[in-house]
Amino acid sequence: MGDVVESDILRHGAFEYIRIHDYSNYSLELFMAYDSVVIESNNRDFVEKLVRSIRTHNHTDVYLKPIFLLKSSKVEDPLINNLIDGVIFSIDQLELISDYVKQILLRIKDFVFVKSISLEAEIISRTINLMVSREKTELFAYLYLNSGLGYIYPEASIQFSPRDEHNLLSILDTAEQEGLFTSDFNDRIYLCTNCETGILSYREVCPKCNSANSKAEDLVHHFSCAYVGPVSDFKNAIDDELNCPKCNKYLNHIGVDYDKPSLLHTCNKCGHKYQDYHVKAKCITCHHDNDVENLLPRTIKNFYLTKKGRNVAYHGFISTSKDFNEIPGTVRFDVFKTMLEYEIERLKQNDATSNIAYLTISNAGELYSRIGIERQKILISEMIRILRKNLRSSDFIAFYSASTLILSLNDIPTKIANNILNDVVKITTMLLKKNFKNVEIHIETFATPLNIEFSHEIQLQQLIKRFETES
Ligand SMILES: [Zn+2]
Ligand SMILES: [Zn+2]
Ligand SMILES: [Zn+2]
């Protein structure tokens with residue numbers, strides 16, 4: 001082991017590169033001080049380990065760092081290939097990459113980093129940041145041996161250990177549902193029912209005892225006497241002739257005298273004879289022997305970043321809409337829409353006023369990253385509790401995003417609805433002051449009467465437009 005020495009600080013133009021050898025003594029935090037990392041090593045394991053630890057680092061100044069390999073040959077490994085920014089063959093070639101490094105660093109400068117409230121949101125946002133900083137729009141699945149699924153999405157799978165990679169599939173599906181990606185079909189895979197990895201060993205086994213230890217021989221059907229039996233019943237010790245054990249006739253021509261309708265298996269363990277074997281899939285990871293009918297089918301897709309997805313890098317990504325489905329006292333946004341539709345129908349029969357409203361934390365990104373994920377969840381559920389205490393059971397609430405609630409406040413004048421919201425803001429602000437020192441919360445609210453002349457969709461759109469332009 002040696003420390004990073006002056007000769008490992010490479011300068012070209014405005015940039016400083018730090019060169020790392022497989023014997024270098026370095027810490028990942030050290031990389032923050034340099035514009036790019038150059039890895040000089042032909043040790044594949046070392047390169048993968050270092051690239052992985054950079055790309056999974058918590059700090060944005062490390063995980064988005066441009067990485068180059070300084071070596072004599074091209075890289076074939078799809079994981080490393082997609083996670084580095086290029087290969088140079090000598091230090092002189094720094095000149096060729098400096099413009100590319102500049103582009104990456106400039107893009108990252110415009111990114112907005114917020115703390116995501118769920119693992120899903122964090123994985124999505126890290127993946128997209130890595131892609132957008134390199135102007136990539138395609139997230140491809142590559143066949144890969146050292147993967148829990150047999151497939152990797154380099155920019156995303158890197159965030160998981162192989163055993164947990166299956167979690168990524170549903171996260172990417174969520175991202176697609178949120179409109180961040182589109183996709184097309186790549187392949188179908190089957191996963192172990194016990195541990196959800198996909199490296200399986202398929203075997204034909206005895207239907208009685210599940211042993212794969214069996215021998216197979218042809219089954220022979222003699223046409224003239226209708227005898228059916230394994231070919232060994234027809235053989236003799238002297239020559240290659242086949243004679244029927246039932247009628248003793250010589251079997252001359254296949255297709256004319258006899259045929260071979262199938263294979264007969266004999267289990268070497270329990271002696272059972274069978275034509276229809278079972279297929280079992282033994283999991284290499286957890287050793288569970290799966291019935292193939294029960295394996296978990298999954299679709300492997302290739303994903304393509306949308307414009308909305310690209311914006312994740314420039315606006316931050318706090319949560320997926322799924323993150324709020326389970327908070328007590330709220331309904332899902334799609335359920336909210338349906339309830340609002342009914343409320344408008346109800347108003348048509350009654351002479352009453354109901355209101356739609358929003359409550360939005362205008363500094364959510366900053367606030368959430370300061371108080372951390374756990375406390376953020378506490379804050380949100382506390383806020384919902386205060387709201388519910390001040391509302392009636394006929395009122396309903398849904399999360400529009402991690403920072404905005406949409407409400408329907410029914411059968412009260414709009415002025416009262418606004419007063420209630422103001423009270424909630426006061427209580428929440430006080431609560432936050434008490435529990436989190438030096439943290440400020442800015443909440444904006446707005447209530448407006450529901451109009452029976454317009455559809456719920458249009459009225460929601462107008463409401464959403466209002467707080468999106470205000471914030
Ligand atoms: Zn398994
Ligand atoms: Zn058996
Ligand atoms: Zn016969």
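How many of the 7 residues of strand E21 (residues 355–361) are buried? In this predicted model, 7 of the 7 are, so strand E21 is largely enclosed by the rest of the structure.

The side chains of E21 leave the strand in two directions. Asn355, Ala357, Leu359 and Ile361 point one way, while Ile356, Tyr358 and Thr360 point the other way, and all of them are buried.

E21 pairs with two strands. Strand E23 (residues 404–409) runs antiparallel to E21 and is joined to it by 6 bridges; within E23, Leu407 is the bridge partner of Ala357. Strand E24 (residues 443–449) also pairs with E21 in the antiparallel sense, over 7 bridges, and here Ile443 is the bridge partner of Ile361. Strands of a sheet pair through backbone hydrogen bonds, either parallel or antiparallel.

## Domain layout

The domain assignment divides the protein into domain 1 (2–109), domain 2 (119–189 + 297–315), domain 3 (201–286) and domain 4 (325–470). Between the C-alpha centres of domain 3 and domain 4 the distance is 72 Å.

## Helix H4

Helix H4 (residues 94–109) consists of 16 residues. From its first C-alpha to its last it reaches 22 Å, close to the 22 Å expected at 1.5 Å a residue.

Leu94, Ile97 and Val101 are the buried residues of H4. An α-helix has 3.6 residues a turn, so residues three or four places apart point the same way.

## The E12-E18-E19 sheet

Three strands form an open sheet in the order E12-E18-E19, with antiparallel pairing. Strand E12 (200–205) and strand E19 (289–291) are its edge strands, each pairing on one side only. On average, neighbouring strands of this sheet are turned by 35° against each other, direction ignored.

E12 and strand E18 (residues 278–283) run antiparallel and are joined by 6 bridges. Opposite Val205 stands His278 in E18.

## Thr137

Thr137 sits in the loop between helix H5 (119–133) and strand E8 (138–139). Because it has 15 C-beta neighbours inside 10 Å, Thr137 counts as partly exposed.

Leaving aside neighbours within four places in sequence, Thr137 is in contact with Tyr304 and Leu305. Phe181 is 44 residues from Thr137 in sequence, and their C-alpha atoms are 9.1 Å apart in space.

Technical notes: Residues numbered from 1 in each chain as written. Chains lettered and ligands numbered in written order. Predicted model: local features only at pLDDT ≥ 70, side-chain atom pairs only at ≥ 80, totals over all residues. Domains from an automatic or database assignment. Helix = DSSP H or I, 4+ residues; strand = E, 2+ residues; numbered from the N terminus. Buried ≥ 20, exposed ≤ 12 C-beta atoms within 10 Å, placed from the backbone. Contact = placed C-beta atoms within 7 Å. Pairing = 2+ DSSP bridges. Axes fitted to C-alpha atoms, helices over the stretch in contact; angles between N-to-C directions. Expected span 1.5 Å × (residues − 1).
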